[in-house]
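Trainee: Please show me the model, and then let me put my questions to you in turn.

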Amino acid sequence: MSEPDASPWPAEVTVDLDAIAHNVGVLRGHAGSAGVMAVVKADAYGHGLVPSARAALAGGASALGVAQPAEALALRAAGVGAPLLCWLLTPSVDADALLAADVQVAASAPWALDLVATAARRTGRTAEVQLKADTGLARGGAFALPDGAGDARTDFEVLVRHAASLSAEGAIRVVGVFSHFAYADAPEHPTVRAQQEAFADAVRLAERAGLDLEVRHLSNSAATLTTPAAAWDMVRPGLAVYGLSPVPELASAADLGLRPAMSVSARVAVVKRIPAGQGVSYGHTYAPERATTVVDVPIGYADGVPRHASGAGPVQVAGRRFRVSGRVCMDQFVVDVGDTPVAAGDEVVLLGGGVDGAPTAQEWAEAAGTISYEIVSRFGPRLPRRHVGEAGR
């Protein structure tokens with residue numbers, strides 16, 4: 001049995017910053033001459049925004065990417081000065097603050113260009129903008145494919161023309177064009193080639209309009225690792241920065257040379273013997289066939305443990321593998337450990353990067369019917385983050 005520690009927390013997330021730096025180095029190797037924009041959105045996929053960003057830069061990332069303006073401003077407030085792109089704007093965004101913080105913004109529609117141009121005129125700053133082309137994901141970005149309705153101009157062409165006009169005025173400076181794959185985790189899928197061709201068309205359109213592009217980027221983690229021809233000037237990995245495989249059907253994290261950065265552990269709160277047939281947790285969806293020991297683990301779906309992994313989520317207790325017994329509750333779950341000696345305060349490992357048999361985020365994803373991205377990013381603020389390693393400190 002492990003010794004109870006003195007931590008006041010019943011559970012915690014540990015993040016290895018050196019692993020993040022290592023993973024960026026691996027991605028740089030795959031990127032060739034292209035730079036690496038490390039995506040640190042969503043609190044760096046649950047790993048901690050500022051420490052993870054610094055570790056990624058220490059590992060050789062040349063830029064950072066975030067989804068929301070608040071994330072960009074938090075990085076700047078913490079003194080992170082690397083090139084930074086923010087790509088999810090709404091009409092209510094404080095564009096003045098983004099310009100003042102030297103944040104590049106993405107534009108998917110003319111209104112976004114007008115928004116930042118107005119802020120530029122008001123503040124006397126030139127807005128640095130990257131144009132987002134929708135090359136087939138049909139999500140963010142200006143649609144860069146013909147709509148079949150007979151209009152020869154695409155939405156992206158309209159966006160480029162408007163950007164060229166504002167650029168000539170001096171209100172904005174278009175520094176890049178980017179897009180996003182729909183199916184990069186299946187590199188042989190026909191959409192991967194089709195989106196590369198559509199992106200090349202979008203880049204040519206922007207360049208013909210006189211826009212002096214510094215960066216062109218399309219590749220996410222999966223494409224960075226499997227489709228080197230799509231690298232352009234920069235790659236934009238997210239998940240792989242944190243040591244998880246974006247193509248688990250093709251290669252594991254270890255196969256790709258990646259090191260999972262996150263581990264999650266808790267301390268046993270209650271140990272008890274129960275008789276054969278005793279229902280466990282809500283709904284009594286689990287009952288042991290013989291008398292056994294069960295332990296109560298003080299972490300639940302309010303902390304990010306997926307309820308869909310009830311009866312299936314893998315854990316390690318006393319060096320042995322078990323799984324969640326019955327339903328995951330808001331603050332806790334139960335594990336049937338049989339006759340294994342366990343005491344209150346002993347460690348329960350939920351995630352451990354696969355080291356020494358500890359469960360992985362991919363295993364939890366499979367247990368919950370989801371993807372590893374969701375597993376690591378959903379662990380909530382009630383769990384403290386403990387950052388270890390020297391990268392970026």
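Trainee: Buried or exposed: which word describes W87 and F178?

Mentor: This is a predicted model, in which local features need pLDDT of at least 70 and side-chain atom pairs count only at pLDDT 80 or more, while totals for chains, interfaces and linings use all residues. Residues are numbered from 1 along each chain as its sequence is written, and side-chain values use heavy atoms, with hydrogens and water left out. On the scale used here, buried means under 20% relative accessible area, exposed over 50% and partly exposed in between, with a 1.4 Å probe and protein chains only. By that scale, W87 and F178 are both buried.

Trainee: How many aromatic pairs does the structure hold, and what kind of pair do W87 and F178 make?

Mentor: Rings of Phe, Tyr and Trp (its six-membered ring) pair if their centres lie within 6.5 Å, and planes under 30 degrees apart count as stacked, over 60 as edge-to-face and the rest as tilted. The structure holds four aromatic pairs. In the pair of W87 and F178, the ring centres are 6.5 Å apart and the planes stand at 50 degrees, so this pair is tilted.

Trainee: How many residues apart are W87 and F178 in the chain?

Mentor: Helices (H or I, at least four residues) and strands (E, at least two) are DSSP runs, numbered from the N terminus. W87 sits in the loop between β4 (84–86) and α5 (95–100), whereas F178 belongs to strand β8 (residues 172–178). The pair therefore links distant parts of the chain, and the separation of W87 and F178 is 91 residues.

Trainee: What kind of pair do F199 and W232 form?

Mentor: F199 lies in helix α8 (residues 190–208) and W232 in the loop between α9 (221–226) and β10 (234–235), 33 residues apart, which makes this a link between distant parts of the chain. Their rings are 5.2 Å apart, centre to centre, and with 85 degrees between the planes the pair is edge-to-face.

Trainee: Why does F199 count as buried, and which word describes W232?

Mentor: F199 counts as buried because its relative accessibility is 0%. W232 has a relative accessible area of 34%, so the word for W232 is partly exposed.

Trainee: Which residues of helix α4 are buried, and what arc do they cover?

Mentor: In α4 (residues 69–77), the buried residues are P69, E71, A72, L75 and R76. Because they cover only a limited arc around the axis, taken from the directions from the helix axis to the C-beta atoms, these residues lie on the same side of α4, and the arc is 165 degrees.

Trainee: Which exposed residues does the other face of α4 carry?

Mentor: The buried side of α4 is covered by elements that include α2 (41–46), α3 (49–58), β3 (63–66), β4 and α5. Turned away from that buried side is a face of α4 with the exposed residues A70 and A77.

Trainee: What covers the buried residues of α3?

Mentor: The buried residues of α3 are L49, V50, S52, A53, A55 and A56. Their cover includes α1 (17–31), β2 (35–39), α2, β3 and α4.

Trainee: Which glycine takes a positive phi just after α3, and which one just after α4?

Mentor: Just after α3, a positive phi of about 115 degrees belongs to G60. Just after α4, the residue with a positive phi, here about 90 degrees, is G79.

Trainee: Which residues is S62 in contact with, beyond its neighbours in sequence?

Mentor: S62 is found in the loop between α3 and β3, and with a relative accessible area of 36% it is partly exposed. Contact means heavy atoms within 4.5 Å. Leaving aside neighbours within four places in sequence, S62 is in contact with G35, V36, P83 and M234.
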